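Work through the following exercises with the sequence and the model at hand. Each task is followed by a solution in steps.

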Amino acid sequence: MRLLRGARRVLLENWTGTSTVPSRGLYPHQWSWDSAFIAIGLRHLSVRRAQRELETLLSAQWGDGRIPHIVFNPAVPLDAYFPSPDFWRSSSAGAAAGAPSAVETSGIVQPPVHALACRLVHLADPRASARRGFLDRLYPRLAAWHHYLAECRDLGGHGLVSVVHPWEPGMDNSPCWDAPLARVEPAPPGTFRRADLDHGAATDRPTDLDYGRYVRLAADYRDRGYRDDGPPPAFAVEDPGVNALLIASEHALADIAAAVGADPAPHLARARRLTAALVERLWDPAAGLFLCRDLRGGGLIPEFSAAGLLPLIVPGLPDEIAAALVRTASGDHFGLGTSVRLVPSYDLLGAAFDPSRYWRGPAWFNVNWLVERGLRLHGAVDRADALRSAALDAAVSSGFAEYVDPYTGEARGTRDFAWTAALALDLLVTSGGAGTELVTAEREMAAEPE
């Protein structure tokens, strides 16, 4: 099968021996939520390699519990990616927060998909997982990660996680950040060089002005030792996608706790508290969508992002809210199943919509994987089946693109993108569409050197 062969090829070519890069050119290091999504697909080809993906990432965890959004490969030249390790200076600037001394990382985080990924990897072969002590070793690290987010990052004091940089929610260039970013004085253009433009069209990427603001925020966070106490920074936002993923991962962590003989009750209790706070703080009944909240600006941000649909993955979400989200997904703003086959990253009717520019309209495969899972969870099976079919078609036809035009399916960003391959593979296998070819691919992957 073309998809299976292509996905296996991408995951093999992007494997470094200990982890998987998102893409060989544009993203030559290990990224946090990328690795979680990649492991979800890798489990169908090599459970051992999927476990190692997550173990490598979590070995770079900081003492305060945070999982950094990048783990740098020291063999990669500094000018291959910016901000590079000499910008973040994690081992020195982050020493007080417990940054590891043996590996350089960034100092910010990404959405917490990791417990969900660990549980799925474990379930792919529970006996092998138990034999290696996979969950026993990772459970304390995952618990510390969730504690960091829930306690250290509740900057608003209302029970939700806050992000302090647009890169942290993963939707880097979303129009949701335009108003909060407007308060940030950008770093002067001559003080940094954008390596991303060596690998992608400028019309697909964030503007130089936005990038200057990203650099300023990261430098300010670094210069205060990556501390989260004190007054909220210039950019402090409660994001529904980040919080929804933490809730889903708390449910997964409860299952992991039970599997290793720990008490699942605290994780379930935190999931309930987070769900209540998510609904109270970020649900907008008139919009039929969860919105971001700007802690410095003091209100909800009136932009419709796909992040607002991600609470569909939350178990126990009130039925009426889940039903409203399904209607919104297929309504005029996101057009799923009507004007488009894949969920766009931003409002089709929004003034800032752009079908090509990074997170300002294109459809991303991880978002669609999450929405597909959420639709299925809340009983919208036909819609989930249609979305799965569309995602599989788009993955192959785009050459496993980083993202695609939501109207035409035209490939955007880089090609041979690892999470696109991994999540397409997961959708294929869980639909029962892989058959005997999967067994052959598993054997071939197992024969490859680690």
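## Exercise 1: A loop residue

At 11% relative accessibility, Ala99 counts as buried. The model used here and in every exercise below is predicted.

Task: Find where Ala99 lies in the chain, and which residues it touches beyond four places in sequence.

Solution. 
- Step 1. Locate the residue: Ala99 belongs to the loop that runs between helix H5 (90-93) and H6.
- Step 2. Apply the cut-off: buried means under 20% relative accessible area, and the 11% of Ala99 therefore places it in the buried class.
- Step 3. List the contacts, leaving out residues up to four places away: Ala99 touches Trp62, Gly63, Ser90, Ser91 and Gly94.
- Step 4. Take a distance for reference: Ala99 and Gly288 are 189 residues apart along the chain, and 41 Å separates their C-alpha atoms.

## Exercise 2: Thr275 and helix H2

Task: Decide whether Thr275 is buried or exposed, and state how many residues of H2 are buried.

Solution. 
- Step 1. Thr275 sits in helix H12, which covers residues 265-282.
- Step 2. The relative accessible area of Thr275 is 11%, so this residue is buried.
- Step 3. With neighbours within four places in sequence set aside, Thr275 is in contact with Ile247 and Val314.
- Step 4. For H2, the count of buried residues is 11 of 11, which means that the helix is largely enclosed by the rest of the structure.
- Step 5. Among the buried residues of H2 are Trp33, Asp34, Phe37 and Ile40.

## Exercise 3: Cysteines

Task: Give the number of disulfides, then classify Cys118 and Cys152 by accessibility.

Solution. 
- Step 1. A disulfide is a covalent bond between the sulfur atoms of two cysteines.
- Step 2. The criterion is a pair of cysteine sulfur atoms within 2.5 Å; the count under this rule is 0 disulfides.
- Step 3. Cys118 has 0% relative accessibility and therefore counts as buried.
- Step 4. Cys152 has 32% relative accessibility and therefore counts as partly exposed.

## Exercise 4: Cavities and the largest pocket

Task: State how many cavities of 30 Å³ or more are found, and describe the linings of the cavities and of the largest pocket.

Solution. 
- Step 1. The count is 2 cavities of 30 Å³ or more.
- Step 2. The largest cavity holds about 260 Å³ of space. Of its 23 lining residues, Tyr27, Trp31, Tyr81, Asp172 and Tyr358 lie nearest its centre.
- Step 3. Helix H2 (32-42) and helix H10 (208-223) each supply at least two residues of that lining. By class, the lining has 15 nonpolar, 3 polar and 5 charged residues.
- Step 4. The second largest cavity has a volume of about 50 Å³. Its lining includes Val109, Gln110, Leu149, Arg153, Glu168 and Val242, and divides into 8 nonpolar, 2 polar and 2 charged residues.
- Step 5. The largest pocket contains about 240 Å³ of space. Helix H6 (114-124), helix H11 (240-260) and helix H14 (365-377) are the elements that give two or more residues to its lining.
- Step 6. Residues lining this pocket include Leu116, Arg119, His251, Asp255, Arg373 and Arg376. The classes in the pocket lining are 6 nonpolar, 2 polar and 4 charged.

Methods
Residues are numbered from 1 along each chain as its sequence is written. This is a predicted model: local features need pLDDT of at least 70, side-chain atom pairs count only at pLDDT 80 or more; totals for chains, interfaces and linings use all residues. Side-chain values use heavy atoms; hydrogens and water are left out. On a 1 Å grid over the protein atoms alone, a cavity is a set of points where a 1.4 Å probe fits but cannot get out, and a pocket is an open set with protein on both sides within 12 Å along at least five of seven lines; lining residues have an atom within 4 Å of a point. Grid points are joined across faces, edges and corners, and a volume is the space filled by probe spheres set on the points. Helices (H or I, at least four residues) and strands (E, at least two) are DSSP runs, numbered from the N terminus. Ala, Val, Leu, Ile, Met, Phe, Trp, Tyr, Cys and Pro count as nonpolar, Asp, Glu, Lys and Arg as charged, and the others, Gly among them, as polar. Buried means under 20% relative accessible area, exposed over 50%, partly exposed in between (1.4 Å probe, protein chains only). Contact means heavy atoms within 4.5 Å.
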